[in-house]
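Please look over the structure below before reading the briefing. The points that follow are grouped by topic.

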Amino acid sequence: MLPLDPQADPGRRAWIPCPQCPDTHHCQPCQQQRTCPTHWRYLLTNTGSLLHLQCPHCNHLWTHESNFGATRTPAP
Ligand SMILES: [Zn+2]
Ligand SMILES: [Zn+2]
């Protein structure tokens, strides 16, 4: 198991399902894509629309493409 990243901060959370934990499948707030009090992930850093996440349950680290800002036209 990976150690918890030093950048992990409970004040910075993201509600993105963990690829390792199937724990959100039977959870009502998660299914409704609401801010579940149980199933949240640490938002470590973000590079543009790419989010670096860590799961507080299994300590899995992964990146998630949020596509946020993807509609912005690139600078000429
Ligand atoms: Zn997990
Ligand atoms: Zn949940």
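Pro17 sits in the loop that links strand S1 (13-14) to helix H1 (28-31). Helices (H or I, at least four residues) and strands (E, at least two) are DSSP runs, numbered from the N terminus. The model is a predicted one, in which local features need pLDDT of at least 70 and side-chain atom pairs count only at pLDDT 80 or more, while totals for chains, interfaces and linings use all residues. Residues are numbered from 1 along each chain as its sequence is written, and chains are lettered from A and ligands numbered from 1 in the order in which they are written.

**Pro17 and its surroundings**
- Pro17 counts as partly exposed because it has 18 C-beta neighbours inside 10 Å.
- A residue is buried if 20 or more other C-beta atoms lie within 10 Å of its own, exposed if 12 or fewer, and partly exposed in between, with C-beta atoms placed from the backbone.
- Between the C-alpha atoms of Pro17 and Gln33 there are 9.7 Å, and the two residues are 16 residues apart along the chain.

**Overall make-up**
- The protein has 1 helix and 4 strands.
- Along the sequence these elements follow the pattern β-α-β-β-β.
- Of the 76 residues, 11% count as buried.
- Among contacts with a separation of 6 or more, 49% come from residues 24 or more positions apart; two residues are in contact if their C-beta atoms, placed from the backbone, lie within 7 Å.

**The sheet**
- An open sheet is formed by 4 strands in the order S1-S2-S3-S4, with antiparallel pairing.
- S1 and S4 are the edge strands, and each pairs on one side only.
- Two strands pair if DSSP finds at least two bridges between them.

**S2 and S3**
- Strand S2 (residues 41-47) pairs with strand S3 (residues 50-54) over 5 bridges in the antiparallel sense.
- Tyr42 has Gln54 in S3 as its bridge partner, and Asn46 stands opposite Leu51 in S3.
- The hairpin of S2 and S3 has 2 residues between the strands, and Gly48 takes a positive phi near 65 degrees there.

**S3 and S4**
- S3 is joined by 5 bridges to strand S4 (residues 61-65), and the two run antiparallel.
- Leu51, which faces Asn46, also stands opposite His64 in S4.
- The hairpin of S3 and S4 has 6 residues between the strands, and in this hairpin Asn59 takes a positive phi near 65 degrees.
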